[in-house]
Amino acid sequence: MTQLSALSKTPAARREPRRSSRALTLNLIAVVIGLVVWTLLATVGVQGLPTPLQVAAKAGELIADGTLLDDALASLRRVLLGFLLGTLLAIPIGFLMGWYATARGLLEPYVQFFRTIPPLAIIPLAIVLMGIGEVPKVFVIFLASFLSSVVATFQGVVDVDKTLINAARVLGASDRTIFLKVVVPASTPFILVGMRVGLGSAWGTLVAAELIAAQEGLGFRMQQAQLYYDLSTIFVGLIAIGVLGLVMDRLLLLAERRLTNWQERR
Amino acid sequence: MSTKISFKNVVKTYPMKEGTFTALDHVSLDIADREFVTVVGPSGCGKSTLMSMAAGLVEPTSGEVLVDGVPVPGPGPDRGVIFQQYALFPWLTVRKNVEFGLKLMELPADERRRRAEHAIELVGLSDFADALPKTLSGGMKQRCAIARAYAVNPQVLLMDEPFGALDALTRVQLQDQLLDTWSQEQRTVMFITHDVDEAVYLARRVVVMAARPGRIQQIVDVDLPYPRTEEMRLSPEFARIRNEVWHGVYHQPQAA
Ligand SMILES: Nc1ncnc2c1ncn2[C@@H]1O[C@H](COP(=O)(O)OP(=O)(O)OP(=O)(O)O)[C@@H](O)[C@H]1O
Ligand SMILES: [Mg+2]
């Protein structure tokens, strides 16, 4: 394994560092330009817009008194809990739907219908049914990630190359073996893509979910800041949401690359 | 010699928007135990369909397919299949692909290892045993698929254009290897090809099929002794048989 993957990597490996360091430089330049434009806009006079430095100072303040960390943890906890529950349920249900026509027939109308409803539109219903505690917030995030993962898993199972299934079958594989040794690995790339989309939509649903009378959380903090016209705090919240979302997405991307490294990439 | 595979009045139709499409129209063919039969014919004449029936992957619309005198119950490791599309498991290395069938046989690990090693060596992939399929060329993928089928040592080998993607040299090597293993282990082989030369070189009988509807046009006996040699390819007898097959494939009377 080692010897050959090293062999197959050489041409790409030789090219990659140069290209990515070049891309990184461009990324940095873009960020610097963005900050300069922002500073200009703030100083030249867009009403109430804080400069990057003011935002940084605010961030320092919120970090020092622990607010930012507490809020971030509260938000992360909700997102991860909803996301994990959603994905854990979505994968077996997606497999069921892909593998058994009966399960597909029974479940597909619901999945397809709820998929067309933006998760945010469920919030009023969730509040009425579940009160204003943690449950409705986690539920909405759960729903968002469940729906995108379930469709991806289901699609992955349906799209498994029939010749691969036949190849296993003629070697004497039972349905069970085919499921575990062919369908599961073959649909893994789809599932991981679904999870990434799911995490994205879960994170995106968070702020709105935290508008439901939360006591802490990034969305709640921004909501509060809005009442006091505290734009700096809003910016800190936005940036924190963006950074955390990016980090989580990259982690999943890394897992995806590792698990599906066998795929031919064009 | 007893009959190993027997197609009896096999019809296969597929429903179409209007009416049905007849892929195979009353095909009857007996393949003897340990016989080497090749099947040639224009694209779409039902070669793969016929083979899939022997493999147990496709059921005839009417008629019967018997293996050892019993209707095919479904796919099984007694009949190894090499697919037209390589059908390797892309997440498994060459070795793991080859071991897939051996694992299902529940062989002890060292025996499994040994047989996989042997099959991989036979197709000349030893240096790539731990490579993933995505790093292999088309010909190497096909050789891996061949090794995977060889490894389980089936009594019947069903091969669907297995050498189609190979360069001329590898092709000839694998043809000779195939004949070698066939004469040693005496399997029954049904081998589909587009290549008339290949069909004649390998087979005791060449089945020529015609399209629309798919049917057997003629069966050409190849009265050349085994082992076949490179000199035989140049013999007048070989040329005569090849012409006969060629004529059968490319000068087919149009079906009504
Ligand atoms: N599932 C299917 N539904 C409808 N038609 C089919 C199906 N499978 C095969 N056919 C048709 O049956 C005919 C025979 O197909 P088959 O794959 O057996 O041909 P072939 O002789 O192997 O061709 P080739 O040499 O191109 O591989 C084709 O015309 C094809 O369109
Ligand atoms: Mg074919």
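Trainee: What share of the 266 residues in chain A is buried?
Mentor: Buried residues account for 41% of the 266 residues in chain A, where buried means under 20% relative accessible area, exposed means over 50%, and partly exposed is what lies in between, with a 1.4 Å probe and protein chains only. Keep in mind that this is a predicted model, in which local features need pLDDT of at least 70, side-chain atom pairs count only at pLDDT 80 or more, and totals for chains, interfaces and linings use all residues. Residues are numbered from 1 along each chain as its sequence is written, chains are lettered from A and ligands numbered from 1 in the order in which they are written, and side-chain values use heavy atoms, with hydrogens and water left out.

Trainee: How many helices and strands does chain A have?
Mentor: Chain A has ten helices and zero strands, counting DSSP runs numbered from the N terminus, with at least four residues of H or I for a helix and at least two of E for a strand.

Trainee: And what radius of gyration does chain A have?
Mentor: The radius of gyration of chain A is 23 Å, whereas a compact globule of 266 residues would have one near 18 Å; the radius is taken over C-alpha atoms, and the globule rule is 2.2 Å times the number of residues to the power 0.38. Along the principal axes, the C-alpha atoms of chain A fill a box of roughly 70 × 55 × 30 Å.

Trainee: Into which domains is chain A divided?
Mentor: Chain A has domain 1 (1-49) and domain 2 (51-259), with bounds that come from an automatic or database domain assignment. The contact between them takes seven residues from domain 1 of chain A and six residues from domain 2 of chain A, where contact means heavy atoms within 4.5 Å. Taken over C-alpha atoms, the centres of domain 1 and domain 2 of chain A are separated by 27 Å.

Trainee: What about contacts within chain A, how many join residues at least 24 apart?
Mentor: If you take the contacts in chain A between residues at least 6 apart in sequence, 74% of them join residues at least 24 apart.

Trainee: Switching to chain B, where are the cis peptide bonds you mentioned wanting to show me?
Mentor: One cis peptide bond joins B:Arg212 and B:Pro213, with omega about -10°, and B:Pro213 sits in the loop between strand E9 (205-210) and strand E10 (215-221) of chain B. Another cis peptide bond joins B:Tyr226 and B:Pro227, with omega about -5°, and B:Pro227 is in the loop between E10 and helix H7 (230-233) of chain B.

Trainee: What is phi of B:Arg34?
Mentor: Phi of B:Arg34 is near 65°, which is a positive value in a residue other than glycine, and B:Arg34 lies in the loop between strand E2 (20-32) and strand E3 (36-40) of chain B. With a relative accessible area of 45%, B:Arg34 is partly exposed.

Trainee: And phi of B:Asn153?
Mentor: That residue, B:Asn153, has phi near 55°, again a positive value in a residue other than glycine, and its place is the loop between helix H4 (138-151) and strand E7 (156-160) of chain B. B:Asn153 counts as partly exposed at 44% relative accessibility.

Trainee: Last one, is B:Ser52 buried or exposed?
Mentor: B:Ser52 is buried, because its relative accessible area is 17%, and it is found in helix H1 (residues 47-55) of chain B. Leaving aside neighbours within four places in sequence, B:Ser52 is in contact with B:Leu57 and B:Val58.
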